[in-house]
Amino acid sequence: MHRSYTSILPTSNKLLQQRWDSTYYNEHRRKVKDAAPMVDTKAPPTYMHLHLKLKKLQLEEERLATIERDNRILLEKMSYIMRTRGRVDNRNNYEYRSLNREKRQRELLRITQENQLILQRITNRGAEYSADQLQRDWEENQRFMDSISHFPQDWWVNDKDKKKNSRRSSAVSQRKQRQKDSASVKSDSPQEEDEDKVKANNDNDKDKSKNTKSKKDSNNRKEAKKQTKDSTKGGKTEEETEKKDEEPEDEEKQAVKA
């Protein structure tokens, strides 16, 4: 085989040259095969302590173990309480003792005394304005107004209406007097108070009904007067007009004398 080998370079012995070339070629192939790359393209290494955290698993197991133990203890206590009456006593015989109790009591007494003094001064204080004097002044002003007015007070009201109004005013005054008496002298039983209230309400209702009736009567009279005036306007004479003009003057004089 060595005789058919053709070497690249001239040689004197083909056998040795073939052996040398084969050894060089095999070494070259081994070096190419074992050559390390300049760039690392391999996957990064995996570390178990990063993916599986054993310490965390241990702490979780310990926590679950403590929870399980506490639940078991609680269940045992509840079962013991259910079987027996338990050892719990809700009685508390502790007496609260304040170190500042006497001072607070003295302060409370002082405040109550001051409040009582203020209340006494307020109740003993008299009114600045007299209701009786105001009523008298008002009546005097009404008399002055009646004396200077062209028509007397309530000139459109008849004698019957005046009597009704006087009766109503007297009834109202009597009722007010009864109310004052009942307020000054307290009744012994609550039934009497209820009866007084019912009477007062009945009186108020009667007064209201009387007022409405008197207003209706006065309105009807006014309308009747207007109708009679309208019907007699065309046939009036001078003498009749003079007589009717003199009539209100006579009524004014009578009212002033009264």
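The model is predicted, and local features need pLDDT of at least 70, side-chain atom pairs count only at pLDDT 80 or more, while totals for chains, interfaces and linings use all residues. Residues are numbered from 1 along each chain as its sequence is written, and side-chain values use heavy atoms, with hydrogens and water left out.

I then looked up salt bridges (a side-chain nitrogen of Lys or Arg within 4 Å of a carboxyl oxygen of Asp or Glu) and found six in the structure.

Entry on helix α4. I noted a salt bridge between R110 and E114, whose closest N and O atoms are 2.8 Å apart. The two residues lie four apart in helix α4 (residues 101–124), so about one helical turn separates them; helices here are DSSP runs of H or I, at least four residues, numbered from the N terminus. R110 is partly exposed at a relative accessible area of 38%, and E114 is partly exposed at 39%. I also recorded that E107 joins R110 and E114 in a network of salt bridges.

Entry on R125 and E128. Their side chains meet in a salt bridge at 2.5 Å, N to O. R125 is exposed, with 60% relative accessibility, and E128 is exposed too, at 58%.

Entry on R69 and D70. I found these side chains in a salt bridge at 3.9 Å, N to O. D70 is partly exposed at 42% relative accessible area, and R69 is partly exposed at 41%.

Key
Buried means under 20% relative accessible area, exposed over 50%, partly exposed in between (1.4 Å probe, protein chains only).
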